[in-house]
Amino acid sequence: MEGSYPLHICHVNPLSIFINRSHTFIHSIALALLIYYRASFLFLVQHPKTSATPILPWLLVFVAELVLSFIWLIGQAYRWRPVSRTVFPERLPEDDKLPAIDVFIFTVDPNKEPTLKVMNTVLSAMALDYPQGKLHVYVSDDGGSPVTLHGLKEAWRFAKWWLPFCRRYRIKTRCPEAYFSASNDDDDEGFGSSEFIAERKKTQERYEMFKKSISEVKERVRLKGNSRITAQDHPSVIEVIQDDSDEKVQIDQGYIPLLVYVAREKRPSHPHHFKAGAINVLQRVSSVISNSPYILALDCDMYCNDPTSARQAMCFHLDPKISPTLAFVQFPQRFHNICKNDIYDAQLRSAYSLMWCGLDGLQGPVLSGTGFYIKRVSLCGSFIHEDVDLTELKQSFGSSNELIKSLRGNYQPNAIKGQQGLLKETQVLASCTYENDTKWGKEVGFLYDSVAEDLFTGFILHCKGWTSVYCNPSRAQFLGSGSANLNDLMIQGIRWSSGLIEVGFSKFCPLIYGPPRMSFLESMCYGELSFFPFYFLPLWCFATIPQLCLLNGIPLYPKVSSSYFVIFLFIYLSSLAKLLQEILFTGGSFLSWVNEQRIWMMKSVTFHLYGTLGGIMKRIGIKEASFVPSNKVEDDEQVKLYEMGKFGFQIPNMFLVPMVALIILNVASFVGGLVRVVFLGDWDNLFVQVFISFYILVINFPIIEGMIIRKDKGRIQPSVTLLSAMFSTIFLLVGSVILHC
C-alpha cells in the first residue's frame, strides 16, 4: 500500500455496457409504441364501430402492461455500468497495522437453526486468516437457549484443536463439517504426508466428540422441558467464553479469538425489532468489550468458506482513495446445496451475478443481510464529531458512559481481564428498555422502519453520502443453505416482499427520497427493489384476463396481420432473448432460463401478492410486523425431490390453490381457444391469447405433472385440485357475466 501498486482494480466491460444500453434503447421504443397502441384504443372507444368492445378488460391489461413496463424501466439502471473487481491482499500493510474486526453471528431458534450448523459457522469465523488479537466473535442468541450457550463452550474447546490444525496446514475450508465431509484439498500444505494424516485423524476424532456433546445436551434440555425462560421472555445474558478447567492449553491462548455469547433481554411487552434489534445490541455490547472499527455480519448458516475474506475486504477499507466514504464491502451469498437443475432459483443468480455488479458501478451494492464488512462509525449516524456535547450523545446513544467513551477512536476497552463491572454494563446495554428515548433504530445503528432492515439501512447510508463495494471473487467467501423446498421459499418470500413494500410506501420511498440525496440511477435501483413485489399485479392480470376474454371471443391484442402485432412479438422475443443472454453470460444454461421464468411466475402470484398486501397493511397500521426465521433444518424427502428436479408441493393451500387454479383456468382457455379458432376461423384475432395460455402451461408443466401424473408424496392432492377447479369455474362464470353486462 505504501508503494505505487493498488490494493484493488475495478474492471468495466465495454461490450456488456454496449449490449445493455442498446437493448434498453430499442426495447423502450417498442414499449412506447405498445403504449401508443393501447392509448389510441381508449380515444377511439366511443366510436360507433368500437363501442361494443368491452373497455374493462382492455383497461386492466393496459394497466398491467404499464406496471410491468415501469418496473422493467427502473430496473435498467442495474445494467447501465456493471463492473467487477480484483483484489491484491498480498499488498496490504504488515499484520500489526491491520485494524481489528468484530464478527457478529445471529441465531434465533435451535429447532429451526441446528446448533451444530451454527457452531460450524462460529468455528469458521474464529479460523479466519487474520492477525492475532484482532479478531473477536460475538454470537447473538435471540432465543436465549441453553443449547446454544453450551454449544459455544464446546466450540471453544474444540477450537484449541481445530485452529492450530488449520493454521499449520493452511486449510482453505475452515468449516469443520464441510472439511471432513468433502474430499481433501490438494492445496492444503502437507497433504498426503503421514504427519498430516495423523493430525487430521486426531482432529476429526475430536470433532466427532464435539458433535456428540452437542447432541447430548440438546437431548437433556428436551427432556427437562418446562423452562420459564422462553424465546420471547428472558433476561439478558452476556458471557465471555473461556476455559473453565485447570488443564493447560497446548497452544498460545492468544491464537484463539475472543468468543462472546449475547442473549439480549426480551419481554412480551417490549418490541424487539427482530434482527435489526439484535444487530444493534451486539453493536453496543461489542463497543465496550472490543470496539473494533470494522464488523463482519453473518447469518448462522453462512460459514466462512475462504479464510482470506477479511483481508480481501481490507483491500477496499484501507484504500485511502475510497476509504473515507466507504461504509461496507458486500460479498455475494453463495450456497453449498444448489443443484445444477436449480428449480427454485435458490442461488439468486440475478441478484448476485447481475444486479449487484450493476449497483457497484454506481454508488455501490445493497446491504444484503449477511457477508458484509461494515465500518462501525457508519452506523453512528451524524453524531460523531468533535464539537458534539455529552448531553446530545446520551440523547442519541443512551445513558451508558462506557458506550459514550467508545465513540472516541482512542478508546480501548478491556472487559475480559477481570473487569466485572464493565461486563455488568453490557447487561444494561442488552436490556429491552435501554433504547427508550434514544435514536437507536431511527438514526443510529440498523433502522427499524422495515423488516427488510438490511436494504433500508443500506439505502439510508447511501442517502447520507456513504458508498459501498461489491467483491465477488472466484472462490465463494461464504457458503450457506439455499431453499431446497417450496414451503421455505414461500415463507421467506413473504417476509422479503413485505419488507420491500414497507420501504416503497414510506416517507423514504427511494424514487422520491433518493434522487436529491444520491445518484439518480442508484435511486432507480432501490426503487426497483422496493416495488419489485408489484409484479404480482401484471402476472395475475396476464394469467386471467386474456384467458377469460378468449373463451368469450373478445380480442385484446392486435391481429396477426396487423403491423402492431410485430411490436408485441418483438417485445416478447426481446425480453426472453435478453434474459437468456444474461443467464448464459453469468454461467447459467437454457434449463436455468426456463426455471427462472417458472419460479418468477410462481413467486409473483403467491408470496409477492401476500407480501405486498401485508406490507401495505403494516404501513397503514392494520397489521403488526412479524418475522419467521428461515428453516435451516434439511428435510431429506424435500432435498431428494429437489435433487431430482421435482417440486415438493407439500405447502399450505394459500400458496398452492392460486397456482393450481390459474393452471386449470389456462387449460380451459387453451382448449376452448383452440376450438374457437379451429371451428370459427378466428385465428387472426385470437392467436396471441391462445399463445399466452399455451406459454403459461408449457413453462409451468411441473404443476400439471403434480396434479395428474405424479403419485409420490410431493404431488398435488386431489382435494386441492378440486378446490382450485371450483375457484376457476366461479371466476369464469362471474367474469363472463360482467363482460356481457
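## Briefing: buried cysteines, binding site and salt bridges

Cys-549 is buried, at 0% relative accessibility; buried means under 20% relative accessible area, exposed over 50%, and partly exposed in between (1.4 Å probe, protein chains only). This is a predicted model, where local features need pLDDT of at least 70, side-chain atom pairs count only at pLDDT 80 or more, and totals for chains, interfaces and linings use all residues. Residues are numbered from 1 along each chain as its sequence is written, and side-chain values use heavy atoms, with hydrogens and water left out.

**Confidence**
- The chain has an average pLDDT of 90; pLDDT is the predictor's confidence in each residue, from 0 to 100.
- 91% of the residues score at least 70.
- Residues 246–254 stay under 50 in pLDDT, and the model gives them 9 contacts beyond four places in sequence (contact means heavy atoms within 4.5 Å).
- Where pLDDT is low, the predicted coordinates should not be read in detail.

**Cysteines**
- The structure holds 0 disulfides; a disulfide is a pair of cysteine sulfur atoms within 2.5 Å.
- Cys-525 is in no disulfide, and the nearest cysteine sulfur, in Cys-357, is 12 Å away.
- Cys-525 is buried too, with a relative accessible area of 0%.
- For Cys-549, the closest cysteine sulfur belongs to Cys-541 at 9.2 Å, too far for a bond.

**Annotated binding site**
- An unreviewed UniProt entry places a "binding site" at Lys-112, Glu-113 and Asp-142. UniProt positions are given in the numbering used here, feature names are shortened, and annotations may be inferred rather than shown by experiment.
- These residues span 31 residues in sequence, yet no two of their C-alpha atoms are more than 12.7 Å apart, so they gather at one spot.
- Glu-113 lies in the loop between β3 (101–107) and α3 (115–126). Helices (H or I, at least four residues) and strands (E, at least two) are DSSP runs, numbered from the N terminus.
- Glu-113 is buried at 6% relative accessible area. Its side chain makes a polar contact with the Thr-107 side chain at 2.7 Å. A polar contact is a pair of N or O atoms within 3.5 Å; within protein, one must be able to donate a hydrogen and the other to accept it, and residues adjacent in sequence count only if both atoms are side-chain atoms.
- Asp-142 sits in the loop between β4 (135–141) and α4 (146–168), and is buried at 5%.
- Beyond four places in sequence, the contacts of Asp-142 include Thr-107, His-234, Arg-264 and Lys-266.

**Salt bridges**
- The structure holds 23 salt bridges; each is a side-chain nitrogen of Lys or Arg within 4 Å of a carboxyl oxygen of Asp or Glu.
- Lys-266 pairs with Asp-142, with closest N and O atoms 3.8 Å apart. Lys-266 lies in the loop between β6 (258–263) and α7 (274–287), so the pair ties together parts that are 124 residues apart in sequence.
- Lys-266 is buried at 3% relative accessibility.
- Glu-239 bridges to Lys-153 at 3.4 Å between the closest N and O atoms. Glu-239 is in strand β5 (residues 237–240) and Lys-153 in helix α4, 86 residues apart.
- Arg-710 bridges to Asp-712 at 2.8 Å; Arg-710 is buried at 5%, while Asp-712 is partly exposed at 23%.
- Arg-79, Lys-578 and Glu-582 form a salt-bridge network.

**Transmembrane annotation**
- The unreviewed UniProt entry lists several residue ranges as "transmembrane region", including 565–594 and 720–739.
- Residues 565–594 are 87% helix and 0% strand, with end C-alpha atoms 24 Å apart.
- Residues 720–739 are 100% helix and 0% strand, with end C-alpha atoms 28 Å apart.
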